[in-house]
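Please keep the viewer open as you read.

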Amino acid sequence: SSDLIPDRFNASRAMITMCLLHDIPISGGGYPGIEGLWPAMDALNLDKAVFMPYYEQKEITGSEPDIRISYYKFAGNDKAVLILANLAKTPKTTVLDFGKFGFRPAVARDVWPATGKVELAKPVSVDGYGFRILSIGK
């Protein structure tokens, strides 16, 4: 999926990763290739969700300590949006564990820049200093 991302994005990838991981709003200012992130995030209606930061939440865990997991929880349904952030310089993979989440989703949808289905029984890869935004449920 890295062919979808322009070189210029690499310069700001780590900053965007940290902002997403900590629910810090980032201005919609951007440049060609990254502007698609803002409408993709807006479409998730995260203002109606509760942010569960990686340093507090224990419901969704992963096998790789360098990949931190925060998520947005929507009341009254099984919808959630996961932010996977790789704090290491090299690509890493993690096996997600939804043991305490209440249900075990089988698939997620990549939100941006890729938009494909992600099988959650398999390891999920995250680029170095990069992120994945995964939407689960309806």
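Strand S3 (residues 67-73) and S4 run antiparallel and are joined by seven bridges. Within this pair, Tyr-71 stands opposite Leu-82 of S4. The two strands form a hairpin, with six residues between them. In the turn you will find Gly-76, whose phi is positive at about 80°. Please bear in mind that this is a predicted model, so every value here is computed from predicted coordinates.

One place to look is Ile-83, which stands opposite Ile-133 in S10.

How well is S4 covered, then? Strand S4 spans residues 80-86 and is mostly covered, with seven of its seven residues buried. In a regular strand, side chains alternate between the two faces of the sheet. For S4, both faces are covered. One side carries Ala-80, Leu-82, Leu-84 and Asn-86, the other Val-81, Ile-83 and Ala-85, and all of these are buried.

Moving on from S10, the next partner is S7. Strand S7 (residues 107-110) pairs with strand S10 (residues 131-136) in the antiparallel sense, over two bridges. Here Asp-110 of the pair has Leu-134 in S10 as its bridge partner.

Six strands form an open sheet, and their order is S1-S3-S4-S10-S7-S8 with antiparallel pairing. At the edges are strand S1 (50-52) and strand S8 (117-119), each of which pairs on one side only. On average, neighbouring strands of this sheet are turned by 30° against each other, with direction ignored.

The loops hold some backbone details worth checking in your viewer. In the loop between S7 and S8 lies Pro-113. The peptide bond that joins Trp-112 and Pro-113 is cis, with omega at about 0°.

| Residue | Phi | Loop | Relative accessibility |
|---|---|---|---|
| Asn-45 | about 55° | between helix H2 (37-42) and S1 | 34% |
| Tyr-129 | about 55° | between strand S9 (124-126) and S10 | 39% |

Asn-45 has a positive phi although it is not a glycine, and Tyr-129 has a positive phi although it is not a glycine either. Are these residues buried, partly exposed or exposed? Asn-45 counts as partly exposed because its relative accessibility is 34%. Tyr-129 counts as partly exposed because its relative accessibility is 39%.

Finally, some totals for the chain as a whole. Its secondary structure comes to two helices and ten strands. From the N terminus on, the elements run α-α-β-β-β-β-β-β-β-β-β-β. Of the 138 residues in the chain, 44% are buried. Among contacts between residues at least 6 apart in sequence, 59% join residues at least 24 apart. The accessible surface of the chain comes to about 7500 Å², and 53% of that belongs to carbon and sulfur atoms.

Methods:
Residues numbered from 1 in each chain as written. Predicted model: local features only at pLDDT ≥ 70, side-chain atom pairs only at ≥ 80, totals over all residues. Heavy atoms only, no water. Pairing = 2+ DSSP bridges. Helix = DSSP H or I, 4+ residues; strand = E, 2+ residues; numbered from the N terminus. Axes fitted to C-alpha atoms, helices over the stretch in contact; angles between N-to-C directions. Buried < 20%, exposed > 50% of the residue type's maximum accessible area, 1.4 Å probe, protein only. Contact = heavy atoms within 4.5 Å. Areas by Shrake-Rupley, 256 points an atom, 1.4 Å probe, with all protein chains shown as cover.
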